[in-house]
Amino acid sequence: MNITYRNTINPELNSRGKPITSWMEDWTLNQRKAKFFEWCEATKLGVVIRESLWLFPVIEALHLLALATIGGAVLIVDLRLLGFGLRSQPIIKVAQEARPWLLGSLSAILLTGVMLFVSEALKCYYNPAFW
């Protein structure tokens, strides 16, 4: 990718001391996204996960376990709403008891998802299914 930079050593400044033109001004949106994905993959976390033999599979297993947990919590509440299970329990109580599982698994999904993403960000960038 050929990226041309404007004069970044002595940029023109406005009255507040801010650069008038951005050095990224000539970049297309795809170039900006590609640079962000490259940066993500080059982070220390991304490198550690990518170079470890066992860390990626462990994180992926936790990600899938959290996905199954959130699915189970939603299923319990939905079945109660439809009247197929836990009929002796009020709907609000079932929902309140499922909420910590929903929030905990959602947090785990987000955390592990970010870790999986930074370990192979460029692979995601070039994969049409990601977009």
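Modeller: In this predicted model, helix α3 passes helix α4 in a left-handed crossing. The contact between α3 and α4 involves 22 nonpolar, 6 polar and 2 charged residues. Helix α3 spans residues 55–82 and helix α4 spans residues 91–119; their axes come within 8 Å and cross at roughly 155°. Angles over 145 degrees count as roughly antiparallel, and α3 and α4 are therefore roughly antiparallel to each other.

As to charged pairs, a search of the whole structure finds 3 salt bridges. One of them joins E97 and K93, whose closest N and O atoms are 3.8 Å apart. Both residues belong to helix α4, where a spacing of 4 residues separates E97 from K93 by about one helical turn. E97 is partly exposed, with a relative accessible area of 48%, and K93 is also partly exposed, at 37% relative accessibility.

A salt bridge also links the side chains of E38 and K35, at 3.4 Å from N to O. These two residues lie 3 residues apart in helix α1 (residues 29–42), which places about one helical turn between E38 and K35. E38 is partly exposed, with a relative accessible area of 29%, and for K35, likewise partly exposed, the value is 30%.

The side chains of K123 and E120 meet in a further salt bridge, with an N to O distance of 3.8 Å. Here K123 is exposed, with a relative accessible area of 58%, whereas E120 counts as partly exposed at 24% relative accessibility.

Note on methods:
Residues numbered from 1 in each chain as written. Predicted model: local features only at pLDDT ≥ 70, side-chain atom pairs only at ≥ 80, totals over all residues. Heavy atoms only, no water. Axes fitted to C-alpha atoms, helices over the stretch in contact; angles between N-to-C directions. Parallel < 35°, antiparallel > 145°, perpendicular 65-115°, else oblique. Left-handed = near helix turned anticlockwise from the far one by under 90°. Nonpolar A, V, L, I, M, F, W, Y, C, P; charged D, E, K, R; others polar. Salt bridge = Lys/Arg side-chain N within 4 Å of Asp/Glu carboxyl O. Buried < 20%, exposed > 50% of the residue type's maximum accessible area, 1.4 Å probe, protein only.
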